[in-house]
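Here is a short tour of one model, to be read with the coordinates open beside you. Please take a look at the structure before reading on.

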There are 2 protein chains.
Amino acid sequence: MQISELVQRSGVPLASVKFYIREGMLPPGHTTSATRASYDDAHLHRLRLIRSLTTAGGLPLSRTKKILAILDAPEGSVADMIRRAVAALSAEAPDESDTNVAPADAYPRARAAAEYLGEGYDLKLPAAAQLESALRAVEEAGIPVAPDRLRVYGPHLRAIAEAELSGVPVADPVRAVEFSVLGTVLYEPVLAAIRRLAHQNIAPDRAG
Amino acid sequence: MQISELVQRSGVPLASVKFYIREGMLPPGHTTSATRASYDDAHLHRLRLIRSLTTAGGLPLSRTKKILAILDAPEGSVADMIRRAVAALSAEAPDESDTNVAPADAYPRARAAAEYLGEGYDLKLPAAAQLESALRAVEEAGIPVAPDRLRVYGPHLRAIAEAELSGVPVADPVRAVEFSVLGTVLYEPVLAAIRRLAHQNIAPDRAG
């Protein structure tokens, strides 16, 4: 297809398409003449991925690029690629880490919380860093998370995460990474909305 | 205490404190002389609430004001106050709504999802509007939520919401509203971080 059709089908403005090509995020079209290039479904797919991450997911360009780089140079096991791509989502992501385990003296709130969350909550970066920030914020607001609450959160969120990961198409590494990254970012608002809907339905019984 | 001590103890800059007073978000101090005013723990508490909502919670000023207005003029049942305050958190909140139930022809994705979420998921605004946006985003990204996934999410998130609401201090309406609003906003990042931690712990087994 010509670039005009790519623009129309993706809904991404021409200037943005050109920007993504210049930035190396989208491969250039296949040259068909001195002034023309053609684009295919892979371009369309990549454009949609970029937009999902940046617009719907609110990811900055730098982290979007990191994720695209992992997709463009598949290396290591699927699990390792997923781990690196999902890590790149986090603002708290350490730049490079040989080990993926948080140092024993770091993230004291997250470390204490992990005890109550139960089985399967070893403190791993960058989620540990993210949990530490979130726990600090509730503590500063005067509503720290009680151990009993963590004992409820742990198994329920573990079950949710299990169901989510069982849906990852592991046979195709690139698709598996895309799926994991989009799922992590775009499903958070879905879960948040369902939780709020539950609150709204329960509130009148509880506090009425 | 003098305003300097209020600034120091709250960590909120003097210019911001003065701004909040001008905007009617923080009551003025008690006048002690022509040039002096004194502040008490209620001022400190209010300042911390404002900062939690705006800084940690990322809430815009307009919605923060709406919530403070509900706290400053308690009216109706505790459940009703909580409902209005939590509704004011949402970008999708309708300006005024006599009924809290989504119209039958609106939010088709949320309506379809509610079927699979199970018991206790009647479609109520504004969470229904929020769910609709979140579902549209995952659909546009090519990873729509499958019914089976919703069947997992429903009961687990309902259990989480139940535990959360059982902790609301209903005896004190103002405190109950503050608690509900802060809990809704500031616990979302906690839950998101725990889910990511679970993903990181499961991923190697699943996809390795």
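Let us begin with helix 8 of chain B, where the buried residues are Arg149(B), Leu150(B), Tyr153(B), Gly154(B), Leu157(B), Ile160(B), Ala161(B), Ala163(B), Glu164(B) and Leu165(B). Buried means under 20% relative accessible area, exposed over 50%, and partly exposed in between, with a 1.4 Å probe and protein chains only. Helices (H or I, at least four residues) and strands (E, at least two) are DSSP runs numbered from the N terminus.

A word on the ground rules: this is a predicted model, in which local features need pLDDT of at least 70 and side-chain atom pairs count only at pLDDT 80 or more, while totals for chains, interfaces and linings use all residues. Residues are numbered from 1 along each chain as its sequence is written, chains are lettered from A and ligands numbered from 1 in the order in which they are written, and side-chain values use heavy atoms, leaving out hydrogens and water.

Helix 8 of chain B has 20 residues and reaches 29 Å from its first C-alpha to its last, close to the 28 Å expected at 1.5 Å a residue; the expected span is 1.5 Å times one less than the number of residues.

What does this helix meet across the two chains? The axes of helix 8 of chain A and helix 8 of chain B come within 10 Å and cross at roughly 170 degrees. Axes are lines fitted to C-alpha atoms, for helices over the stretch in contact, with angles from 0 to 180 degrees between N-to-C directions. The two helices are therefore roughly antiparallel to each other, a label for angles over 145 degrees. The residues of their contact (heavy atoms within 4.5 Å) include Val152(A), His156(A), Val152(B) and His156(B).

| Class in the helix 8 contact | Residues |
|---|---|
| Nonpolar (Ala, Val, Leu, Ile, Met, Phe, Trp, Tyr, Cys, Pro) | twelve residues |
| Polar (the others, Gly among them) | two residues |

Now for the symmetry. Chain A can be laid on chain B with an RMSD of 0.0 Å by a turn of 180 degrees and a shift of 0.0 Å along the axis, superposed by least squares on C-alpha atoms of residues with pLDDT of at least 70 in both. That is the relation of a two-fold axis. In chain A, the C-alpha of His156(A) is nearest the axis, 2.7 Å from it.

Finally, chain A has nine helices and two strands, and 48% of its 208 residues count as buried.

Definitions and conventions:
Parallel < 35°, antiparallel > 145°, perpendicular 65-115°, else oblique.
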